[in-house]
Amino acid sequence: MKIDILTLFPDMCENYLSESIIGRARRAAGRKTASGGSSDAPIEINCRNIRDYTENRHRRVDDKAYGGGAGMVMNAQPIYDCVKSVQGSETARLIYMSPQGRVLNQALVKELAKEPHLILLCGHYEGVDVRVLDELRFEEISIGDYVVTGGELPALILTDAVARLCEGVLPSEDAFTEESHYDGLLEEPKYTRPEVWRGRSVPEVLISGHHANIDKWREEQRRKITEEKRPDMLT
């Protein structure tokens with residue numbers, strides 16, 4: 001899978017995407033390519049600077065909104081040229097991170113993880129000239145019913161959620177198929193050493209070694225926790 005993040009702040013995105021699990025997957029892909037190996041890497045993520053596609057010497061990417069109002073609006077031209085540059089002849093799914101869009105959930109994450117190429121547009125200021133969204137047929141996706149400063153954090157959340165479902169990023173499918181939301185239930189409680197901490201003991205079933213009973217306990221706990229914390233998920 002390939003993900004291109006179009007942003008005015010590529011370093012902000014790179015800093016996050018260079019760490020932890022996603023960072024390791026990206027570095028592994030880079031080593032494979034450098035050694036002449038197959039390009040079938042788990043994930044390729046690029047952070048593209050929209051300013052590189054401006055046509056003015058000051059590299060301006062925004063202007064005042066027609067009709068007035070507070071704040072500036074990002075110009076259509078550099079966004080359009082940036083998309084066309086990274087899209088090439090490939091079929092890519094174009095997504096604008098917007099509070100007006102379809103709310104991201106695990107079902108949508110699984111759907112996006114099947115795409116070969118995602119292009120994520122990060123708006124800033126008061127948003128972008130809607131004409132470029134219409135021209136390129138962007139779909140809009142939101143991370144929730146609230147507003148943040150720019151589209152970078154939403155794009156990183158979407159990228160992280162999608163990337164970890166790609167084969168080879170996590171050690172096995174169990175690393176994500178048994179988590180909250182994947183199959184409509186929340187995850188069961190987790191415990192680690194010591195066996196007793198401040199008078200609180202690990203449930204005996206988890207140290208019994210009886211795998212069938214452990215599986216049954218996990219399923220019961222998942223349903224119980226979902227009923228208590230998110231009953232809306234069971235309706």
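## Two residues with positive phi

Arg-198 is found in the loop between β8 and β9, the latter being residues 200-201. This description, like everything that follows, concerns a predicted model. Arg-198 is not a glycine, yet its phi is positive, at about 50°. With a relative accessible area of 71%, Arg-198 is exposed.

Arg-137 is another residue other than glycine with a positive phi, in this case near 60°. Its place is in the loop that runs between α5 (130-136) and β7 (139-142). Arg-137 has a relative accessible area of 74% and is therefore exposed, the cut-off for that class being over 50%.

## A cis peptide bond

The peptide bond that joins Arg-193 and Pro-194 is cis, with omega at about 5°. Pro-194 has its place in the loop between α7 (174-177) and β8 (196-197).

## The chain as a whole

The chain contains eight helices and nine strands. Its C-alpha trace spans about 70 × 50 × 35 Å along the principal axes.

The chain has 235 residues, and 39% of them count as buried. Contacts in the chain between residues at least 6 apart in sequence were also examined: 73% of these join residues at least 24 apart.

## Helices α1 and α6

Two packed helices are described by the angle between their axes and the distance between the axes. For helix α1 (residues 10-17) and helix α6 (residues 152-163), the axes come within 10 Å and cross at roughly 30°. Because angles under 35 degrees count as roughly parallel, α1 is roughly parallel to α6. The crossing in which α1 passes α6 is right-handed.

Which residues make the contact between α1 and α6? On the α1 side they are Met-12, Cys-13, Tyr-16 and Leu-17. On the α6 side they are Glu-152, Leu-156, Thr-159 and Asp-160. By type, the residues of this contact divide into five nonpolar, one polar and two charged.

Helix α6 also holds Ala-161. The relative accessibility of Ala-161 is 18%, so Ala-161 counts as buried under the 20% cut-off. Ala-161 and Val-103 are 58 residues apart along the chain, and their C-alpha atoms are separated by 14 Å.

## Cysteines

A disulfide is a covalent bond between the sulfur atoms of two cysteines. How many disulfides does the model contain? The count comes to zero, where a pair of cysteine sulfur atoms has to lie within 2.5 Å to be included.

Cys-82 is in no disulfide. The cysteine sulfur nearest to that of Cys-82 belongs to Cys-122 and is 10 Å away. Is Cys-82 buried or exposed? Its relative accessible area is 0%, so Cys-82 is buried.

For Cys-166, the closest cysteine sulfur is in Cys-47. The two sulfurs are 15 Å apart, which is too far for a bond because a disulfide needs them within 2.5 Å. Cys-166 has a relative accessible area of 8% and is buried.

Methods
Residues numbered from 1 in each chain as written. Predicted model: local features only at pLDDT ≥ 70, side-chain atom pairs only at ≥ 80, totals over all residues. Heavy atoms only, no water. Axes fitted to C-alpha atoms, helices over the stretch in contact; angles between N-to-C directions. Helix = DSSP H or I, 4+ residues; strand = E, 2+ residues; numbered from the N terminus. Parallel < 35°, antiparallel > 145°, perpendicular 65-115°, else oblique. Left-handed = near helix turned anticlockwise from the far one by under 90°. Contact = heavy atoms within 4.5 Å. Nonpolar A, V, L, I, M, F, W, Y, C, P; charged D, E, K, R; others polar. Buried < 20%, exposed > 50% of the residue type's maximum accessible area, 1.4 Å probe, protein only.
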